[in-house]
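This briefing is for a reader who is meeting the structure for the first time. Please have the sequence and the model at hand while reading.

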Amino acid sequence: MGSAPAGRRALITGITGQDGSYLAEQLLERGYRVYGLVRRLSTPNTRNISHLVDRVELLDGDLHDPASLDSAMRASEPDEIYNLAAQSFVGVSFNQPVVTGEVTGLGTVRLLEAMRSHADRARFYQAASSEMFGKVLVSPQDEHTAFHPRSPYGVAKVFAYWAAVNYRESYGLFVSNGILFNHESPRRGHEFVTRKISDGVARIHLGLAAKLRLGTLSTRRDWGYAPEYVDFMWRLLQAPRPDDFVGATGETHSVEEFVQLAFDRVGISDWKPHVELDPKFKRPAEVDMLCGNATKAKEQLGWVPKVRFPELVRIMVDNDLQLLGAARPAAR
Ligand code: NDP
Ligand code: GDP
């Protein structure tokens with residue numbers, strides 16, 4: 001792991017999420033002073049960072065609220081700003097399009113404005129998404145592929161992406177987009193399909209559940225391992241110039257393949273009786289296939305993801321088995 005000059009300061013929005021928590025760990029290891037923006041919830045959600053609370057400084061704030069973002073900039077005086085906060089779940093974005101646009105889209109502009117007012121020498125990472133490509137006509141997708149988002153989430157991310165580019169071009173700020181393809185881990189939210197499968201399979205194996213209900217088995221994603229993707233974020237901000245980069249494994253796999261490997265991990269080869277399709281989990285519009293080309297990141301950032309699909313499935317299933325109290329399966 002590369003290190004940074006001593007005393008660097010980073011502000012992370014979304015520190016309680018999957019990526020924010022891994023990023024905070026890595027920045028602390030690199031010697032950063034880490035500040036995290038957290039919003040007020042009736043029940044605090046600090047599970048992912050409970051092991052870090054003594055080492056990071058948490059600042060109250062919300063991407064809805066410009067005054068809180070100004071305060072966070074003034075309190076943290078950041079060298080680097082990582083904007084990871086979002087309403088990040090595509091499925092919910094169809095039911096809450098306005099909130100998604102407010103937080104995932106306009107929230108980015110509010111944070112960019114706070115940076116412009118209080119931290120214009122900082123470097124800004126925007127968490128852009130492969131969901132911006134949406135209905136893809138070419139594969140694999142890279143930095144030149146046209147956007148055709150298929151959800152309110154994708155639309156909001158396209159807005160935020162172009163806002164980031166415009167703050168770079170209009171005001172000369174160091175603002176970069178990381179266009180990351182799906183990345184997963186034991187800290188992934190349970191509503192996402194990978195975690196839903198790993199948790200569901202562990203429960204079925206232990207006799208705690210009978211069925212796994214999914215919306216579709218046929219869609220394909222380029223799934224990587226989240227800790228490697230937060231290293232990408234850091235590398236992006238160490239580049240000599242601000243720019244936009246794709247982060248991906250370059251492999252695409254179906255939901256069905258994930259299901260099959262997950263059941264295989266617990267010794268169930270005939271998985272079909274355990275899985276049901278439920279229209280409740282289908283979306284009004286679908287992104288059928290994503291597959292990224294991260295050649296630019298490899299060549300310019302030296303970033304190469306190592307965890308491949310079967311290992312990712314294994315990590316996630318083993319984690320959920322362990323959380324539910326089961327012994328780790330023998331190596332297969
Ligand atoms: P998570 O859903 O795990 O984390 C989202 C974070 O945003 C949480 O900390 C959440 O806080 C915070 N948040 C939500 N709303 C607000 C708000 N109004 N004000 C302040 N904070 C808020 O997402 P990931 O860690 O998986 O993803 C990080 C970023 O990367 C997101 O922007 C996501 O859209 C993007 N991305 C993710 C990909 C992936 O595969 N994981 C792929 C491409 C892009 P709380 O804990 O309070 O809910
Ligand atoms: P996304 O790529 O950001 O939408 O990540 P998700 O993990 O939410 O979904 C990945 C793919 O799995 C999408 O094509 C979903 O439609 C599909 N999928 C199939 N069944 C389910 C399900 O029950 N839940 C979720 N979240 N996704 C599902």
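The notes below cover the domains, the nonpolar cores and the salt bridges.

This is a predicted model, in which local features need pLDDT of at least 70, side-chain atom pairs count only at pLDDT 80 or more, and totals for chains, interfaces and linings use all residues. Residues are numbered from 1 along each chain as its sequence is written, chains are lettered from A and ligands numbered from 1 in the order in which they are written, and side-chain values use heavy atoms, with hydrogens and water left out.

**Domains**

- The chain is assigned domain 1 (9-184 + 224-247) and domain 2 (193-221 + 252-286 + 309-323); such bounds come from an automatic or database domain assignment.
- The centres of domain 1 and domain 2, taken over C-alpha atoms, are 28 Å apart.
- Ten residues of domain 1 are in contact with nine residues of domain 2, where contact means heavy atoms within 4.5 Å.
- Between them, domain 1 and domain 2 bury about 830 Å², with 63% of it on carbon and sulfur atoms; buried area is the accessible area (1.4 Å probe) that two parts lose on being put together, summed over both.
- On the domain 1 side, Phe94, Arg150 and Glu184 lose the most area to domain 2, and together they make up 53% of what that side buries.
- Two residue pairs, both at pLDDT 80 or more, are in polar contact between domain 1 and domain 2. A polar contact is a pair of N or O atoms within 3.5 Å; within protein, one must be able to donate a hydrogen and the other to accept it, and residues adjacent in sequence count only if both atoms are side-chain atoms.
- The elements giving two or more residues to the side of domain 1 that touches domain 2 are α3 (90-95) and β10 (224-225), and α3 supplies the largest share, three residues. Helices (H or I, at least four residues) and strands (E, at least two) are DSSP runs, numbered from the N terminus.

**Nonpolar cores**

- The largest nonpolar core has 46 residues, of which Ile12, Leu27, Val34, Tyr82, Tyr125 and Phe232 touch the most other members. A nonpolar core is a set of buried Ala, Val, Leu, Ile, Met, Phe, Trp, Tyr and Cys residues joined through side-chain atoms within 4.5 Å.
- Here buried means under 20% relative accessible area, exposed over 50%, and partly exposed in between (1.4 Å probe, protein chains only).
- Leaving aside neighbours within four places in sequence, Leu27 is in contact with Ala10, Ile12, Tyr32, Val34, Tyr82 and Trp234.
- Another core, of 26 residues, lies apart from it and includes Ile204, Val255, Ala262 and Ile268.

**Salt bridges**

- The whole structure has 18 salt bridges, each a side-chain nitrogen of Lys or Arg within 4 Å of a carboxyl oxygen of Asp or Glu.
- One salt bridge is found across the interface of domain 1 and domain 2.
- Glu131 and Arg221 form a salt bridge at 3.7 Å, N to O. Glu131 is in the loop between β5 (123-129) and α5 (152-171), and Arg221 is in strand β9 (residues 220-221), 90 residues apart.
- Glu131 counts as buried because its relative accessibility is 7%, and Arg221 counts as buried at 7% as well.
- Asp243 and Lys296 pair with their closest N and O atoms 3.0 Å apart; Asp243 counts as partly exposed at 25% relative accessibility.
- Arg30, Asp231 and Arg235 are linked in a network of salt bridges.
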